[in-house]
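Please look through the structure shown here before reading on.

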Amino acid sequence: MIGIVAVSHSPALAAAARELALQMGGDDPPLVEIAAGTPDGALGTDAAAIAEAVERAASGDGVLVLMDLGSAILSAETALEFVDPDITVRLSPAPFVEGLVAAVVGAASGSDLDAIVAQLDTALAAKRQQLGIPEPETTDAAAPASAEQPADDAELSFEAVIRNPSGLHARPAASFARAAGRFDARVTVTDLGSQMAPVAANSLLSLMAMGVGRGATVRVAATGREARAALDELRGMIEDGFGEM
C-alpha cells in the first residue's frame, strides 16, 4: 500500500484534512504523514520536515505528496533532493482536501501509485458537476478510459435504484469505491438517467462527479476473474442502502 504525505502551511488544516480522509478510508487505511508549519510554529512549510515525512511514509509501494498552496510545492520539490532516491515519490497537483480523501480511499481499495495519480486528475470534476460548470473542451474524441472494455472478456451487469438518502456521495461513494477495488475485476458505474459515460467504480472522485442521488437508477458492470463476486457485493451494498436505512 502506498504512503501519503499531506503538506500544509497549517498544522490544524492538515490534521483536519487527514481526519476527514481517514474516516473515508475504512478499516485498513494507508499511512498518512503530516508535514505542516515551520520549525518555530508559524504558518509555512519546511523542506526538511517534508523529506522526513516522506521517509516515514515510504513502504516500498511509493509515496504520494499532496500540497495546499504554491509555496508548499516549492518546499516539496526541494524536499525531494533529500529523500532516498530508491523511494518513488509523486507530487500531485490535485486540490488538497479532495485529493487527500480520494488518495486514501484509492489506496485502501488496493490501487497502486500510478492508478491513484490518474484518479486525482478528475479531482475538480465533482464540484464542476454539482455547480453545473461544463468540463473544458478536449480535442480527444476517443471514449474515456473508464468506458473501454476488453473484447475477449464477457461483461456481467445489473441495474439498481439508489435508495439511501444521500445517494452516491461522500461515505457511501467511499465504501463503494473501496469494495470495488478489492476484486480482481474491472467495474464501472453508469447513471442511466444522465448522458455521462460509465466511470470506474473504484474511483471515489469519479463516483462523486456523477452526482447520483436517491431514486436514480444505475447500471453496474464488471469484467474479469472476480466480476460476479464483485457485482454480488456491490448489489448488496446498494440494496442495503449503504447502511443508512
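**Notes on the salt bridges**

1. Glu233 is partly exposed, with a relative accessible area of 29% (buried means under 20%, exposed over 50%, partly exposed in between, with a 1.4 Å probe and protein chains only). Glu233 forms a salt bridge with Arg182, their closest N and O atoms being 2.4 Å apart, where a salt bridge is a side-chain nitrogen of Lys or Arg within 4 Å of a carboxyl oxygen of Asp or Glu. Because Glu233 lies in helix 9 and Arg182 in the loop between helix 7 and strand 6, the pair ties together parts that are 51 residues apart in sequence; helices (H or I, at least four residues) and strands (E, at least two) are DSSP runs, numbered from the N terminus.

2. This is a predicted model, in which local features need pLDDT of at least 70 and side-chain atom pairs count only at pLDDT 80 or more, while totals for chains, interfaces and linings use all residues. Residues are numbered from 1 along each chain as its sequence is written, and side-chain values use heavy atoms, with hydrogens and water left out.

3. How many salt bridges does a search of the whole structure find? The search finds six, and one of them joins the side chains of Glu33 and Arg56 at 3.0 Å, N to O. Glu33 is buried at 14% relative accessible area, whereas Arg56 is partly exposed at 42%.

4. Arg225 and Asp184 also meet through their side chains in a salt bridge (3.1 Å, N to O). Arg225 counts as exposed at 65% relative accessibility, while Asp184 is partly exposed at 42%. Salt bridges with shared partners join Asp184, Arg225 and Glu226 into one network.
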